[in-house]
Amino acid sequence: MLQQLVNAGALGSIYTLFALGLTLSWGIVNILNLAHGAIFTAGTVVAYLLTRDLDGLPLPVVVLAAAAVCALISMLIEALVFEQIRKRSRNELDTEMRTLIASVAAAAMLVTVAAVVSHHQPYALPGSLMERVTWEVGPVRITNVQVVVLVSALVLAAALTLFVQRSKYGRALRAIAFDRTAAGLSGVSARSLQLAAMGLSGALAGTAGVLLAVYLGAADAHMGDAYLLKAFAIIILAGVGSLGGTVAFAYVLAVVETLVGYWAGADLRDAVAFGLIIVVLLVRPQGFTARGGWQRA
Amino acid sequence: MNRPLGTAAPLAALVLAGSLLAGCAGGSNSDEAAGDVVRITYIADLTGPGAFYGEDWAAGAEYAVDEINDAGGIGGRTLEIDVVDSASDQAAAVGAMNSAARSDSSVVMYALLSQNALAMAPVAQREEVPFIVGQSSVDGVTDVGDFVYRTSTSEGDYYGAMLRNLQEQGVESTAILYAGDNPTAVTNATERIPAIAEELGIEVTDTIEVRTADTDYSQPASRIVEGSPDAVANLTFGPAVTTSIQALRSAGYDGPLYGTSALGSGALTPAGDAAVDTYYPSAFIPAADLPWASGVAFLEEYEAATGDQPSFSTAGGHDQVAFLAAALESIGEGEVTRNSLKDALAVVAADGFVGATGDPIRFGEDRIADTPGVLVRWDGTTETVAPGQQGPLLDGYTGNDG
């Protein structure tokens with residue numbers, strides 16, 4: 001059982017890493033970006049191409065490169081697609097619907113590129129990027145990769161929370177999410193901030209992609225899809241906009257999935273996990289830790 | 001209220017008219033004779049999810065056509081192959097089959113995806129065009145009738161010998177990890193392998209279902225390790241192959257793994273050293289110690305001609321054309337029609353022909369080929385012939401050289 005809890009800790013960290021960027025774009029700046037999973041995949045592809053062509057690159061360099069490219073992709077999508085949609089839409093609902101569809105299209109394009117680059121085959125990052133070390137602590141086995149994933153998730157979550165809650169830019173981000181027009185009148189450049197937020201969201205997706213590929217040993221072009229669903233589940237359980245809740249429920253979902261999977265198998269595992277979401281939507285649709293727009297994060 | 005039709009109606013009319021014209025277009029019939037050139041339509045998954053294997057299947061078939069033509073053809077005829085991309089899409093594959101049936105092609109070939117082959121086979125039978133399928137391993141492809149053949153053996157027929165080989169290495173127990181959303185894996189995991197294991201006295205410690213889209217296998221891996229099996233069957237696909245193997249190794253499992261041919265053709269490359277001691281059956285691998293001479297000869301000739309190593313897909317594509325070539329030999333200088341070709345294929349199916357995947361390759365009454373097969377061991381970088389193989393993997397196979 002202890003081993004399963006360790007496994008759940010690693011899985012929860014992966015969910016956290018993935019969900020953080022989505023929480024930032026959806027929960028904080030109100031852009032429901034369904035291309036987040038594809039940007040995450042792009043991070044794995046960047047790492048794959050870099051390590052395939054350049055021997056001996058250290059993991060931090062690969063992570064930074066993937067984060068930079070994914071930030072750029074995310075900002076391009078924001079500037080060339082989402083921003084243009086906002087300009088042309090008549091109302092908020094119109095904007096949301098069009099942004100949603102456009103993000104699906106952007107995701108399809110990115111995944112197609114990833115599939116072509118990888119010849120529709122799984123691809124792995126070289127083991128030399130991070131040699132696996134296993135420690136046996138009593139009956140429990142822990143690997144260095146699990147530790148890195150766990151620490152990365154917690155550090156990034158803490159840093160993002162501090163940034164959004166305490167920094168001037170973070171408060172400005174929440175201001176434009178609450179009332180874009182009023183924030184604009186008070187001198188906040190909504191356009192620049194949203195661009196920066198999308199860039200940060202993309203960078204988080206890229207970082208998550210590389211760490212996940214290292215942890216799992218391989219990636220493929222469609223890997224982001226499964227995590228996108230799980231991230232939605234986590235954000236809904238936590239309440240849209242709650243960074244702390246997102247982290248907490250990432251680990252809750254991971255523990256539930258691991259234990260149900262262990263005792264009852266893969267089929268029931270997903271049924272229970274997503275059944276929980278239906279219950280939350282019916283009983284507490286705002287999630288467990290959601291607050292008002294201006295209080296978010 | 002009447003709505004304006006806009007451009008939709010004329011467009012629909014155009015499509016309909018096009019379809020009708022296509023349907024009325026004259027094409028070949030089953031008694032129309034080929035001239036000096038026998039045309040093959042090779043429908044291949046050149047793009048989309050099947051592309052990784054599809055390209056090799058088509059390359060093998062094209063190589064065989066060149067080989068035959070360079071040798072002067074057969075019965076005074078040369079072969080011409082028209083490779084059509086199905087984009088790994090069922091509708092496109094069936095569309096290509098319909099077009100081929102209406103063309104002057106004497107035979108249609110396809111390799112890979114079971115769902116596509118299942119949809120194409122009834123069209124071939126209805127249009128009476130010989131259809132030679134390569135690998136599609138699902139049951140029922142050849143059930144539609146006598147125009148349809150499959151040149152690869154049902155993989156499950158190799159499992160008995162594979163498990164016996166593992167048992168000889170000291171394996172007394174096994175766990176089974178399988179993709180519950182793949183029907184073939186379900187059958188293998190819940191019926192075929194447990195039955196063989198019981199017959200051999202191998203204990204099944206655990207049978208764990210996962211989903212193909214799963215990414216984190218640490219939980220099933222830990223559970224498998226708790227049962228301390230001597231071997232683990234890995235019946236997963238795609239990226240799950242690598243991630244599940246990595247999870248098993250991280251969980252402390254260091255014994256042999258085994259599975260299906262889905263583990264071949266580079267699927268284990270991303271797993272690298274973690275996958276050392278993984279065993280699976282294959283119709284062919286590019287190894288100089290392959291246990292049948294025709295396979296080694298094909299390997300040497302292909303390498304000399306192209307500079308590349310053939311994969312089992314390349315060998316499979318080659319053998320689809322080799323089957324056709326043997327049928328044309330049987331016809332000799334007689335008339336080549338789709339019907340005469342169908343009859344000649346039946347003769348060759350009973351007598352056997354020499355291919356890269358066996359010598360001879362004969363067919364059962366179900367028109368599915370019997371090939372010897374080889375047990376493969378992954379050594380971390382390449383596919384090798386597993387040690388301790390005694391004869392063909394296929395129980396009951398009797399060949400000149402197998």
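Which residues in α2(A) meet which residues in α3(A)? On the α2(A) side they are I39(A), A42(A), G43(A), V46(A), A47(A), L50(A) and T51(A), and on the α3(A) side V62(A), A65(A), A66(A), V69(A), C70(A), I73(A), S74(A) and I77(A), where contact means heavy atoms within 4.5 Å. By class, this contact holds 12 nonpolar, 3 polar and no charged residues; Ala, Val, Leu, Ile, Met, Phe, Trp, Tyr, Cys and Pro count as nonpolar, Asp, Glu, Lys and Arg as charged, and the others, Gly among them, as polar.

A word on the ground rules: this is a predicted model, in which local features need pLDDT of at least 70 and side-chain atom pairs count only at pLDDT 80 or more, while totals for chains, interfaces and linings use all residues. Residues are numbered from 1 along each chain as its sequence is written, chains are lettered from A and ligands numbered from 1 in the order in which they are written, and side-chain values use heavy atoms, leaving out hydrogens and water.

Helices (H or I, at least four residues) and strands (E, at least two) are DSSP runs, numbered from the N terminus. Axes are lines fitted to C-alpha atoms, for helices over the stretch in contact, and angles run from 0 to 180 degrees between N-to-C directions.

| Helix pair | Angle | Axis separation |
|---|---|---|
| α2(A) (residues 36–53) and α3(A) (residues 59–88) | about 140° | 9 Å |
| α3(A) and α4(A) (residues 92–117) | about 150° | 10 Å |
| α1(A) (residues 2–28) and α9(A) (residues 223–238) | about 70° | 9 Å |

Angles under 35 degrees count as roughly parallel, over 145 as roughly antiparallel, 65 to 115 as roughly perpendicular and the rest as oblique. The angle therefore makes α2(A) and α3(A) oblique to each other, and their crossing is right-handed; a crossing is left-handed if the near helix is turned anticlockwise from the far one by less than a right angle, and right-handed if clockwise.

Moving along, α3(A) also passes α4(A) in a right-handed crossing. I73(A), I77(A), V81(A), F82(A), I85(A), R86(A) and R88(A) of α3(A) meet α4(A) residues including T95(A), R98(A) and L110(A).

As for α1(A) and α9(A), they are roughly perpendicular to each other, and α1(A) passes α9(A) in a right-handed crossing. Among the residues in contact are F18(A) and W26(A) of α1(A) and Y227(A) and F232(A) of α9(A).

**Between the chains, and within chain B**

Chain B has domain 1 (12–153 + 289–371) and domain 2 (156–282 + 375–385), with bounds from an automatic or database domain assignment. Their C-alpha centres lie 32 Å apart, and about 730 Å² is buried between the two domains of chain B.

**Two backbone details**

Most residues other than glycine have a negative phi, and most peptide bonds are trans. H119(A), not a glycine, has a positive phi of about 55°. The peptide bond from D359(B) to P360(B) is cis, with omega near 0°, and P360(B) is found in strand β12 (residues 358–363) of chain B.

Notes. Buried area is the accessible area (1.4 Å probe) that two parts lose on being put together, summed over both.
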